Amino acid sequence: MLILLDVVTTAAILFIVSAGLLAIFGVLKIINFAHGAWLTVGAYCAVVAARLGLNPWAALPLAFAVGAALGTVAEWLIIRPLYRRPLDAILATWGLGIVIGQLITLAFGRDVQITPNLLGGTVALFGLDYSLYRLFAVLAAVLIGGSCAALLEGTRLGLKARAVIMNEALARALGIDTARVRLATFAIGAGLSALAGVLLTPLTSVDPNMGVAWLIGAFMLVMVAGGSFAALAVACLVFGAVQVLVSTFVSPILGSISVAVLAAVVLRISPRGFARA
Amino acid sequence: MSKSMLLSSALLIALAAPSAHAAGAGPITIGVPVGLSGANSVVAPSVVQAAELAVDEINAHGGVLGRMLALDVADDASGAAGAQKAFDSLVYGKKVDVLISMETSAARNAALPIVSKGKVPYIYTSFYEGHSCNRNLFVDAWVPEQQVPPIVDDFIKDKGAKTFFLIGSDYAFGRGMLSFAKSYIEKSGGKVVGEEYLPMDGSDWTSVISKLKTAHPDAVITSTAGGAPNVTLTKQMRAAGVALPYANLAVDEGTAKSMGADATGIFLSASYVTGIDTAANKAFLAAMAKKFGADEKTPNDLSVPEYEAVYLYKAAVEKAGSTDSAKVLEALPTVSFDGPRGTIRMDKQHHAPLTMYLGQVQGDGSVKVASTFKDVDPGAQCPNLK
Amino acid sequence: MPDRSTATRPGLAPAVLAPVALALAAAALVWVAPEMLDTFSVNVLTRSLLYAALAVTVDLLWGFTGILTFGQAAFFGAGAYATAIVLTHLGSSPAWVLAALALSVLVPMALGALVGWLSFHHGSTPLYASVISLVFPIVVTQLVYSGGEWTGSSSGLVGYDTLPLDLPGFFRLAGIFAVLVALGAWVFVRSDAGKLLVAVRDNDARCSYLGISPTRVSALLTVALAGVAGLTGFLFAQASGVVAPENTGFLFGTELVIWVALGGRGTVLGPVLGAVAIDYAGATLSGDLPFLWQLILGSAFVVVIILLPDGLAGAIRRGWTRVNARRDAAAPAVVALPAAGAAAGGAEPLLVVTGLGKRYGSLSVLDGIDLAVRPGELVSLVGPNGAGKTTLMRCLSDGTEPYQGSVQVAGRNTRGMTPERIVALGLGRKFQVASVFDSLSVADCLRLARAARDRPSPLGAAATLRLPAASLDILRLTGLDTALVTPVRLLSHGQRQALELAMVVALEPKLILLDEPTAGLTKAERTTIGTILRRLTADLGCAAVLVEHDLDFVREISTRVVVLHGGRLVLDGTVAEVVDSDLVRAVYAGAAHA
């Protein structure tokens, strides 16, 4: 039972961390290697919110707004010139990540920052004391996944984004301003990444390098998921389960690299990953 | 930040105190390679401050053999590659007379070949996993043989603990500390019911904590990499409702304080805590506060050995009568200094017996000393060195 | 090829001499430098020079072949660790040093083979190769951390006995090694074999259809450069006296890419200068401004990637060529190959298609196709847009496409075969949009078409270009024979089509597939192509399958016409039977562009 809870909550955390990266990759076909930096920016929004004496929950909208605003600028300055050079986009966003990390260091210092917990304590569930926050993470993942799906399925922007995903040239021919769709998607994806940064703060310390630890895992999950949130959810559950099971029954060290290794193998066998459905 | 960057950047402190003896002789330069960036960047500024205070005090009293002391600080980026650059720069570029520094084990190891080739004495002032041996290397900080026994003894005798769970980061310090802890626990009649590691940059302790809860031990001992992994593990353990006697081998007073409520109740073992009730420590704290004011970084178990090592070097140079490396190396194990941590003498195979303090973090973040262990021996660290 | 060496030797001199002269000068500089530099610089530059050699290997993979890799750091680390582990745990006698040297090359090469196998397979994407190169150092670093006493875990290994050299000695060793690696890279990329790398980067599909396996080229290059990186690691372990986990890590891999990007990818000198300058500057400056230095470097990296994709060296080179009209290499002399023995006429069909079907989900694109094509036949495949013509061509030339039924080329069932293996059976394919190598010259493209038969020299550019007579005819008829050194990107649409056809013909195929070879060509060009096709089939006994909309052209040259409609083969007969049939009229009635 404990293992099952661990699997579900681990999958939820992986989903939260990867959602922003997936939104961008799905529509733009660009890997945002500055994703880690956006997670960090989000977490520092929680630090700032705490310093301003705001309610810890207020950091969530703040981080989304800051992340989306930064995303807009980054799309305009860095991503837009590189749409036709996806490998170069990886490098440029990695460089952007270095720059953001150093700017955060200059502003806040290297020190580990501590933020107030969003939710503390444990609840009794199935006869176990389980972390309340981890259970909340499942709810947060469902909310994020649900609102992304609603956005894609139920709004004009979502319709346009799906058109761009399927066939960009055709979408442009139909009079869709694809540049704006890309800009909006990148901003939303960046906002989601920053939001995820806040949601991570109760689990981790906040420091200028915190995002890098999550970047590779999120990147591999998104590669396996292709462009779909449903596939991402499946990938998170499968890989989360593998990570927890390997950690529990073999070794946590192997568990921590299992996502990356397994994703590489899955992609070798089936280059389209879980997105074939 | 800009202030501490100024402090930490390479600067020469040469007080304009022209003394009769000093005519013609330049300052004695002390190289301080530390991790201004990377994993050690949080604690490094406090180490630099401690060195600056020691140099200031010594210079104010006429220097060493009539020569002033000067500091040369270099960033080693807390790693091997950065340490090579920093030591190259200090040993070959700046031609320093001695190296006194707190560094990661990777940085220290990377530096040892350079120190050997450059034939410069090197006083290492960071606690570490032990058994680093080199003719040029002296250590005035603790090793597992000194730090772990107070905790295990206390848990077994006072808390009645019989079973222990050990958690660490997968690196030399984490593994070294816990492997000594394990053998010491078993020697003391306790039992280790679990020993788990996560990579140094690992941030998801889910399964480790679940294993800990399933194993139902009497106590838990952790030894992670400093900073982020330590905070992450503590946060996740507290969120999971772990309320066992909890000793953290990698936490220092400053980190404990900033962790807030999550740190309350943690046991730590150190050769220095600010609350040591001696005249030497009080004088040291007062001098620090006076010199750095609002910019002062709280002195800690890494910065105080740096302060004392500068004095130990002074004593060795004075005894040797010169800064000649061979003579200084010969003198170093024979001299001692009465500092904030008590009397320090690096006479046990290049290591020093130390007084250890067992402390517990209080609700307000301060550390209360629970018991004191006089002059704990470092054991056989380097049997091949005399 | 007994005459290969004589064919290439005359070309070696100019191609190799200039780099060798420069390399000798650089080596001399490296030799005297320790006398003039202070100890600090000597020590730092020893490492910078080794990093420079490593940067060159990254550049060969990324700049020249288009494989963005972070994995060279792991091969380097594996070589360094192999050395340090042998010297620490096994011994440091000369025999063990030799063993360490051998292992430092062989272990990374074995790992390189694994990475190559994972990264490059039919259908793998460049992004996937980058993903593997990212995962690999992470795994290696983790293994090092978990290695306990054996690898020294986070503390690394230190204190083993190194080669008995002093600081200047190691500096010279590192410097000469870097010069040799750069020289080797320079000579190789300018050689005929080196053009393979650019060909793979430009157009891997065309490589496959020239019988060159791009996955094999990429994998072999990965293995070879893993060995070079491992050797660099051996020297690093010797010169620095310590190895640490960060030497193997993904972050070091990104640093290498940053040096190459700033210095100039796709040039040899750029990465060398980039690595040395940035590493040396980093060593000098990072002590004073640790955060600022990273910030400046990161910003410069972003700017260069966006604005100067080929780095500083690339920008300088472009400026240089703009000022000085480029002094082109002399065009190779074209030599006609003796015509291959006339194909055994008539008997066995070269292509047999039985019950071929292809579906995309519920959509059936091809259904129950039966077709046999014999030597000497020129079969035109007509049908309206969407009839499945191009899909059929793909199924015929790529056995990895999922389809039902069977396809036999020269008597072999091709199911599961990659295009390069089918090409080896004697198939050539020309695409609808000319598929050539934009960064290369006309002569280079043609030589690559011969690469599967006349193994290109890895040392220089051959003075002659040996082509089959039919291929030469195409060049002469289209005027390309006077434009051999022209870069392909400057060719006109018609010239590109002709070049691709000449390349396909240079393969000396027994069976040629052509997808609308005359689309967008002038009347004169069309006539030329028709002439050549007739000569190939009627005189040389090739078989050809031609997709064509232009019924006049079809009528002129075909021996047989098949009509594809709605995924089925509805007619198969002589020109007269088919072209004038009611069905074809009905099918094409609405097709205004026919």
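A cavity is a set of points, on a 1 Å grid over the protein atoms alone, where a 1.4 Å probe fits but cannot get out, and its lining residues have an atom within 4 Å of a point. The views below come from a predicted model, in which local features need pLDDT of at least 70 and side-chain atom pairs count only at pLDDT 80 or more. Residues are numbered from 1 along each chain as its sequence is written, and chains are lettered from A in the order in which they are written.

**View 1. The second largest cavity is lined by 14 residues.** Nearest its centre lie A:S131, A:R134, B:I209, B:Q236 and B:A240. Helix 7 (206-215) of chain B is among the elements that give two or more residues to this lining, and helix 7 gives the largest share, four residues. Helices here are DSSP runs (H or I, at least four residues) numbered from the N terminus.

**View 2. Chain C meets chain B.** Here 29 residues of chain C are in contact with 31 residues of chain B, where contact means heavy atoms within 4.5 Å. Helix 2 of chain C gives the most to the side that touches chain B, with five residues.

**View 3. One salt bridge links chain C and chain B.** Its partners are B:D88 and C:R47, whose closest N and O atoms are 2.8 Å apart. The term stands for a side-chain nitrogen of Lys or Arg within 4 Å of a carboxyl oxygen of Asp or Glu.

Conventions:
Side-chain values use heavy atoms; hydrogens and water are left out. On a 1 Å grid over the protein atoms alone, a cavity is a set of points where a 1.4 Å probe fits but cannot get out, and a pocket is an open set with protein on both sides within 12 Å along at least five of seven lines; lining residues have an atom within 4 Å of a point.
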